[in-house]
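Please consider the structure shown below.

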Amino acid sequence: MRFRASHTTHFRYSEPVLLETQEIRLRPRNDSWQRLDRYSLEVRPAPFLLSETTDAEGNHVAYAWFSAPTESLAVQVEFSVETLRDNPFDYLALDGSTARLPLRYGRAREHLAAALRVSEPDATACEDVIVPIFDRGLDKIIPFLEALNGEIHARFEPAVREHGAPMSPAETLASRAAACRDLAVLFMACCRTVGIAARFVSGYQEQGNSSEKRYMHAWAEVYIPGGGWRGYDPTQGLCISDRHVAVAAAADAENAAPIRGAFRGDAVAWPIEAEISIESAVDTSA
């Protein structure tokens with residue numbers, strides 16, 4: 001699948017402010033799942049320094065530094081990507097495919113420590129989802145993940161909440177509707193509670209109706225021995241294949257945020273505005 005997209009984010013303030021360093025994670029991954037063909041980044045006003053590098057999670061990040069006050073900030077990216085994997089099950093799981101949960105991971109466990117960390121309140125809240133799955137005898141990794149993805153998808157109505165951090169698992173479970181980032185965090189917490197390493201992913205998805213307002217999307221990835229990081233989208237109840245474009249992944253949702261920064265001043269920050277245009281087409285060149 002080929003995607004071509006444009007994404008502009010506008011920040012506006014009631015009076016001039018001095019922007020602190022802005023972290024921009026909007027460059028799609030270039031890996032075994034997808035190939036980045038073209039990418040451009042424009043920041044207005046132009047920063048006095050723009051440094052592009054790789055963060056501790058392996059994501060591409062641009063740091064923008066500013067020296068003059070401004071009443072607005074605009075960040076625009078354009079890219080074209082080819083997603084490469086149409087079969088999300090093109091692997092044979094090692095060790096964990098037949099072992100009962102929790103997984104052990106062996107030597108990889110040290111490297112996965114952040115993706116395995118779960119708080120006691122989150123683990124307690126997740127029992128409401130996990131116990132019924134285990135009661136059905138689905139205590140092996142692949143059947144468990146499929147059941148968990150389907151259970152969360154069936155429980156909640158999708159909701160749009162344009163701003164704010166993800167809700168906690170307890171908050172999500174107490175609601176009837178949740179945003180994609182809320183469901184991703186709930187899925188992650190459930191996985192970590194039973195010993196499956198999980199991380200948060202921000203990105204884009206294929207959408208059928210081009211007239212609808214577009215938003216970024218969020219889902220989770222789990223680490224499966226023999227399969228590596230594999231995506232699950234509880235909002236749609238799907239395993240990730242070639243119809244999602246991954247941008248950033250991190251053990252904590254905050255570290256996969258598309259744009260993160262602060263400002264100095266007494267101004268009021270108006271609501272953030274985002275304009276996203278995505279075109280997709282099946283690749284017929286093969």
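Gly58 is found in the loop between S4 and S5, where helices (H or I, at least four residues) and strands (E, at least two) are DSSP runs numbered from the N terminus. The model is a predicted one, in which local features need pLDDT of at least 70 and side-chain atom pairs count only at pLDDT 80 or more, while totals for chains, interfaces and linings use all residues. Residues are numbered from 1 along each chain as its sequence is written, and side-chain values use heavy atoms, with hydrogens and water left out. With a relative accessibility of 53%, Gly58 counts as exposed; the term means over 50% relative accessible area, buried means under 20%, and partly exposed lies in between (1.4 Å probe, protein chains only). Although 190 residues separate Gly58 from Ala248 along the chain, their C-alpha atoms are 8.4 Å apart.

Ala64 belongs to strand S5 and is buried, at 0% relative accessibility. Its C-alpha atom is 8.6 Å from that of Glu20, a residue 44 places away in sequence. Apart from neighbours within four places in sequence, Ala64 is in contact with Glu20, Thr21, Gln22, Pro47, Leu49 and Leu50, contact meaning heavy atoms within 4.5 Å.

The charged side chains come next. Side chains of opposite charge can pair when their charged atoms come close. The structure holds 21 salt bridges, each defined as a side-chain nitrogen of Lys or Arg within 4 Å of a carboxyl oxygen of Asp or Glu. One of them joins Asp55 and Arg25, with an N to O distance of 2.8 Å. This pair links distant parts of the chain, 30 residues apart: Asp55 is in the loop between strand S4 (49-54) and strand S5 (60-65), and Arg25 is in the loop between strand S2 (22-24) and strand S3 (34-44). Asp55 is buried at 12% relative accessibility, and Arg25 is buried at 4%. Both residues take part in a network of salt bridges that links Glu23, Arg25, Asp55, Glu254 and Arg260.

What does the side chain of Arg2 meet in a salt bridge? The partner is Glu82, at 3.5 Å from N to O. Glu82 is buried, with a relative accessible area of 8%, whereas Arg2 is partly exposed at 35%. The other pair is Glu279 and Arg4, whose closest N and O atoms are 2.6 Å apart. Glu279 is partly exposed, with a relative accessible area of 45%.

Attention now turns to the helices. Two packed helices are described by the angle between their axes and the distance between the axes. For helix H3 (residues 141-155) and helix H5 (residues 180-193), the axes come within 11 Å and cross at roughly 145°. Axes here are lines fitted to C-alpha atoms, for helices over the stretch in contact, and angles run from 0 to 180 degrees between N-to-C directions. In this contact, Phe144, Leu145, Leu148, Asn149 and Ile152 of H3 meet Leu183, Leu186, Phe187, Cys190 and Cys191 of H5. These residues divide into 9 nonpolar, 1 polar and no charged; Ala, Val, Leu, Ile, Met, Phe, Trp, Tyr, Cys and Pro count as nonpolar, Asp, Glu, Lys and Arg as charged, and the others, Gly among them, as polar.

The largest nonpolar core has 74 residues, of which Phe144, Leu145, Leu148, Phe187, Ile196, Tyr204 and Val222 touch the most other members. A nonpolar core is a set of buried Ala, Val, Leu, Ile, Met, Phe, Trp, Tyr and Cys residues joined through side-chain atoms within 4.5 Å. H5 supplies the largest share of this core, 10 residues. Leaving aside neighbours within four places in sequence, Ile196 has contacts that include Leu101, Tyr105, Phe144, Cys191 and Val222. A second, separate core of 5 residues includes Val201, Ile240, Ala246 and Ala249.

Two features of the backbone remain. Most residues other than glycine have a negative phi, and most peptide bonds are trans. Tyr105, in the loop between S6 and helix H1 (113-116), has a positive phi near 75° and is buried at 12% relative accessibility. The peptide bond from Arg44 to Pro45 is cis, with omega near 0°, and Pro45 lies in the loop between S3 and S4.
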